[in-house]
Amino acid sequence: MISPADNVAGTDAPDLVAQVAEIFSPTGPFSKSRNFEYRPQQQEMAVAVAHALVHQQHLLVEAGTGVGKSFAYLVPAILFAVARHKKAIVSTHTINLQEQLFEKDLPLLRKALPVEFSFAMLKGRSNYLCTRRLQKALQTADSLFTSPELNELQRIFEWSKETRDGSLSDFEHEPDPRIWEHVCSERGLCTPKKCGFQSDFAQDDRVCFFQRARQKILSADVLVLNHTLFFTLLGGIEEEPEGGVLFKNDFVIFDEAHTVEQVAARHIGVSVSSGQVRYNLQRLWNPHTQKGVLASIGSGPRVQLVADALQHSDEFFTQLEGACDDLAASANPSGTKPGNPVPDAPPAGSRGPDRPWNVLRVRRPDLIQDTLTLALQRLRESITEQIQMTDDKDSGDELAECNRRLADLRHAVQTFLKQDAEEHVYWVERTGRSQRSLTLSAAPVDVADFLRHRLFGTATSVILTSATMAVKDATATMGRTNPRGGSGTASRSGTATSSRPLATGSRGALDYVARRVGGDKSTQLQVGSPFNYATQMKVYVAGKMPDPRDPGYEDALVRWIEHFVRQSHGKAFVLFTNNRLMQQVAGRMAAFFASLGLECYVQGTGTPRAAMLDKFKENVNSVLFGTDSFWQGVDVPGEALSNVILTRLPFAVPDHPLIEARLERIEAEGGNPFSEFSLPEAILKFRQGVGRLIRTGTDTGIVVILDNRVLTKRYGQAFLDAIPKCPVEIV
């Protein structure tokens, strides 16, 4: 464990940069810890973060695996936040990293650093129980809930007397979401005045769990949250905080920053589903159960308006699905998009002979007649009258919150049908477990402009870091002659492990990510990994793989997977880009795995992702078949993962409207969609997949590439150049 740093200068030291450099030096306070290992890359990154914070600059840092980047940004962030009375916002993509920071790294640094600081986890308010709303729900339970729902409400009540923090994560079995919606914290219903520490409710009962969490959040020096919540909050802030992004006087650090663009795009825009509309209407009145908020206040006249709105909703979404079926049927299944942005890719929104549409781009306004929003508005006006007539303030507040939600839904439907937002793309998607819910979405084609203003344009520092953000200029490698076919060893320079700082505004390997997220003027820094990849990792490339469209492709895939799984006797990730192909190959190989005594875990067969990963870690004689989510954010150190097999270069097929629209925009501006978007995105994901293998300084293993395009295509060398220097053998 790291020992307390008693001899480090205090937080009022004039030079934070020098202080941080000393902490991470070979003779600094951390060096007294038994498990400390001086890493110049870690020290350089920490100093760069400190410099950016002191000078209110933005910074992009690629830090190779093993650098220890969480400490490299946490130490300067904590010292700076305490000294300058600021709040450090640390955002991650995965729950695993979020928990590591909150449960391990920050508690350790609280003991090690010479300053006192507080930290908290920031969750969405709907994760927390509002004890005042629970009390109200219990009082009106008969009019709100059916008999089975009453049992669930009672279970939540019993849990509320024992829970530590009152959040969903403290449940052994999460409650029915329909019941939880009536008792969780909601804007307008759960406020400091109503159920906070100084409220009348708090004098007679316990302070609401969310208000307790809110107090910790507001006073914390460091807040940890995930990208999804960050961009949900960012998109909902109407007035920009003074000197900050989410809070007054804050600064932001994004770890796992390679996912920032995709998460921001999903949560900066409009989304409304048929399930949301139905749920919010039935919250007021459910014709089947004859329960709801209106029943609790005896408002019979409004019930018919809810029933009318439900009918209009069903008709609207039925008509919408029919219109989408017509659009999909009229699409050209064999057509290709201009510029052929991705090799062998079908056009977005198309439907094959055995593939019904599940996401469909809508390119024109008024796809169908608006038969829904008028019914919602009539209901809202009637509820407003009811609020004015209601003597019970709590019931009035509950109705007001229902009305606010109906207004949001109405606005979202109108926005989708009008399609009047500039530079936005619109699409319809089948969602839910049974794919029976329809979701209407609109999002900006390019989030860079929004983030350039709302994130990088604020008077504070924004720092992005990841192990994979660099993409070399692929056009330089596309003219090379690559080695082809046969067995032998390919020589290559590989990614350098030396540090490469770049001045503000200069062009470099991080420039692609910087432009995509609006951080064009940020300082860039690359620090390499301390691992010795030349001895820890070897890459095999299958030189004669058939084309995926060839009849023998699947046979060859099975044969090579068997060959390399035997070589490591399991202990392998087999990563796919196509779920259907993965399931077919897994089925064909079941007998093979059984013959070797290997367990094969296949994503999408019923076992939750986290549980499947835990089983793989525990059972060293196992293989895991995974798709998208296993290419990144998965950490399996040690012998359990000694073999990563990449079945295909991870080009994103442009069958999602957002990707298609980005490609179209690049082409419209005279660019090359393939080299400017598809290729760099594939390289970043490829680097993530390769990065699953070596997680510690003692890990060893092989990476297998079952896609000979790295050898036969002009762009292939760009993939090999993007991974650390190590032996490469063509088989």
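Predicted model: local features only at pLDDT ≥ 70, side-chain atom pairs only at ≥ 80, totals over all residues.
Local features were taken only where pLDDT is at least 70 and side-chain atom pairs only at pLDDT 80 or more, whereas totals for chains, interfaces and linings use all residues. Residues are numbered from 1 along each chain as its sequence is written, and side-chain values use heavy atoms, with hydrogens and water left out.

The secondary structure of the chain comes to 29 helices and 20 strands, where helices (H or I, at least four residues) and strands (E, at least two) are DSSP runs numbered from the N terminus. Of the 731 residues in the chain, 54% are buried, a class defined by a relative accessible area under 20%, with exposed meaning over 50% and partly exposed the range in between (1.4 Å probe, protein chains only). Among contacts (heavy atoms within 4.5 Å) between residues at least 6 apart in sequence, 76% join residues at least 24 apart.

A nonpolar core is taken as a set of buried Ala, Val, Leu, Ile, Met, Phe, Trp, Tyr and Cys residues joined through side-chain atoms within 4.5 Å. The largest such core has 93 residues, and those with the most contacts inside it are Phe230, Phe231, Phe254, Leu451, Phe573 and Phe719. Helix H27 (residues 673-690) gives the most to this core, with 8 residues. A second, separate core of 56 residues includes Cys184, Phe316, Cys324 and Val413. When neighbours within four places in sequence are left aside, the contacts of Phe230 are with Ile89, Ser91, Leu225, Val245, Leu246, Val252, Phe254 and Leu455.

Two packed helices are described by the angle between their axes and the distance between the axes; here the axes are lines fitted to C-alpha atoms, for helices over the stretch in contact, and angles run from 0 to 180 degrees between N-to-C directions. Helix H16 (residues 303-330) packs against helix H17 (residues 373-389) at an angle of about 160 degrees, with the axes 9 Å apart. H16 and H17 are therefore roughly antiparallel to each other, a label given to angles over 145 degrees, with under 35 counted as roughly parallel, 65 to 115 as roughly perpendicular and the rest as oblique. The contact involves Leu305, Val306, Ala309 and His312 of H16, together with Ala375, Leu376, Arg378, Leu379 and Ser382 of H17.

Helix H14 (residues 274-284) and helix H18 (residues 393-418) also pack at an angle of about 160 degrees, with their axes 10 Å apart, which makes H14 roughly antiparallel to H18. Their contact includes Gln276, Tyr279 and Arg283 of H14 and Glu398, Cys402 and Arg405 of H18.

Glu256 lies in the loop between strand S5 (250-254) and helix H13 (260-267); its phi is near 55 degrees, a positive value in a residue other than glycine, and Glu256 is buried, with a relative accessible area of 12%. Glu423, in the loop between H18 and strand S8 (424-431), likewise has a positive phi near 55 degrees, but counts as partly exposed at 49% relative accessibility.

Pro650 is placed in the loop between strand S18 (643-646) and helix H26 (657-668), and counts as buried at 5% relative accessibility. Pro650 and Ala682 are 32 residues apart in sequence, yet their C-alpha atoms are 5.2 Å apart in space. Beyond its neighbours within four places in sequence, Pro650 is in contact with Thr577, Trp631, Ala682, Lys685 and Phe686.
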